[in-house]
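Notebook open, model loaded. I want to look up the strands, the ring pairs and the cores, in that order.

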Amino acid sequence: KLQNHHEMAVAAPYTAVSYTQTRFPHTSLVEISLSCLGLKKMDVLSMSDPVATLFSRDPLTNKLTEIGRTEVIKDCSDPQFQKTFVLPYYFHVDQPVKIVVEDYDKAGKSEVIGVREVRLGELVMSQKPVLKPIHKPGSDKETGILSVYAEEVRGAKYEMKFSIRGVKLDKKDLLSKSDPYLLFKRVLGDGLTQLVHKTEIKDNTLNPTWAPFTLKSNKLCGGHLSAPFEIHCYDWDDDGSSDLIGVTTPTLESLVNLDGSGQKSISLELINDKIQQKKGAKYKNSGTLELCTDLYEITSFPDRL
């Protein structure tokens, strides 16, 4: 178990931070998101099933406290974890955080892929994802790259409701139609993105309709309506892997009626760069997404958190 790999680890709730708060009142909260690149394969017959755990080290007692764990992502060497973590940030205080990336095993024999400790102040001041190599405990051999992004928690000004259906998506399976799902990703710069939302999988259809959902503007584009974000459409396979159908990169500004006149319907083309390069001028798209959107302004303070 994780506690076996970390000295002085304390189970949640976050008692160590409560002690620190009596000495260093925090001035803000930060939200941490995690992803990895090029994780070492730990399984013989398949890729690893990574899960990441975040610990905070108390600057006064040096104790580690488990803040939480991400979801498990099956058969993936470049996981983007959707679950995020909120921590108090104390100015002028050394606040190390420790991230443990493991290969999950249902039998309880999870194996550590790599570990990294970074300082929260470095993450906050960077204002962009910080890339760090990870190593197995006691080894200097790199087992992957960890991407950590910390952003001050701010209130969302807008909330957006999405109703989406796919039309004539590419068929990716040999004996059946595709099993499509969508990933919404925030663009962070330097070619890096952050997973914000994942829809349900729709079985055996090229014209899926996904359940409506809402997203806050600060999660999707940092509150900037003109900032682009990405929508990825994938075909899910039984072995847990996925095949890319196509990608579209809209802005919230392009998807809504900013004059408050109500819902807006728009069609977006899904583009698969590899297929486009292969087919050249004959390529049109890999299907379309039909979106019906509505933008709501958040006015009450509690809703902004």
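Predicted model: local features only at pLDDT ≥ 70, side-chain atom pairs only at ≥ 80, totals over all residues.

How many bridges join β14 to β15? I count six, and the two strands run antiparallel. Residues are numbered from 1 along each chain as its sequence is written, and side-chain values use heavy atoms, with hydrogens and water left out.

**Entry 1: sheet with β14 and β15**

I looked up where this strand pair belongs. It sits in an open sheet of four strands, ordered β12-β11-β14-β15, with antiparallel pairing. For the terms: strands (E, at least two residues) are DSSP runs numbered from the N terminus, and two strands pair if DSSP finds at least two bridges between them. β12 (192–198) and β15 (242–248) are at the edges with a single partner strand each, so one side of each has no neighbour in the sheet. From one strand to the next the twist averages 35°; the axes behind it are lines fitted to C-alpha atoms, with angles from 0 to 180 degrees between N-to-C directions. I also noted that aspartate 235 stands opposite aspartate 243 in β15.

**Entry 2: the other four-strand sheet I checked**

Here the order is β13-β10-β17-β16, again an open sheet with antiparallel pairing. β13 and β16 (264–269) are its edge strands, each pairing on one side only. I found 10 bridges joining β10 to β17 (residues 288–297), and isoleucine 164 stands opposite leucine 291 in β17.

**Entry 3: rings**

My rule for Phe, Tyr and Trp (its six-membered ring): rings pair if their centres lie within 6.5 Å, and planes under 30 degrees apart count as stacked, over 60 as edge-to-face, the rest as tilted. By this rule I get six aromatic pairs. Why is the pair of phenylalanine 162 and phenylalanine 213 stacked? Their ring centres are 5.3 Å apart and the planes are at 20°, so the pair counts as stacked. This pair links distant parts of the chain, 51 residues apart: phenylalanine 162 is in β10 (residues 158–167) and phenylalanine 213 in β13 (residues 213–216). Buried or exposed (under 20% relative accessible area or over 50%, partly exposed in between; 1.4 Å probe, protein chains only)? Phenylalanine 162 is buried at 0%, and phenylalanine 213 is buried at 9%.

Tyrosine 181 and tyrosine 234 are stacked too, at 5.9 Å centre to centre with 20° between the planes. They sit 53 residues apart, tyrosine 181 in β11 (residues 180–189) and tyrosine 234 in β14 (residues 229–236). Both tyrosine 181 and tyrosine 234 are buried. I also spotted one aromatic cluster made of Phe162, Phe184, Phe213 and Phe229.

**Entry 4: cores**

A nonpolar core here is a set of buried Ala, Val, Leu, Ile, Met, Phe, Trp, Tyr and Cys residues joined through side-chain atoms within 4.5 Å. The largest has 27 residues, of which Ile32, Leu34, Ile99, Val101 and Leu123 touch the most other members. β2 gives the most to this core, four residues. Skipping neighbours within four places in sequence, isoleucine 32 is in contact (heavy atoms within 4.5 Å) with residues including Leu54, Phe85, Leu120 and Val148. Apart from this core lies another, of 26 residues, among them Cys233, Ile245, Leu270 and Leu291.
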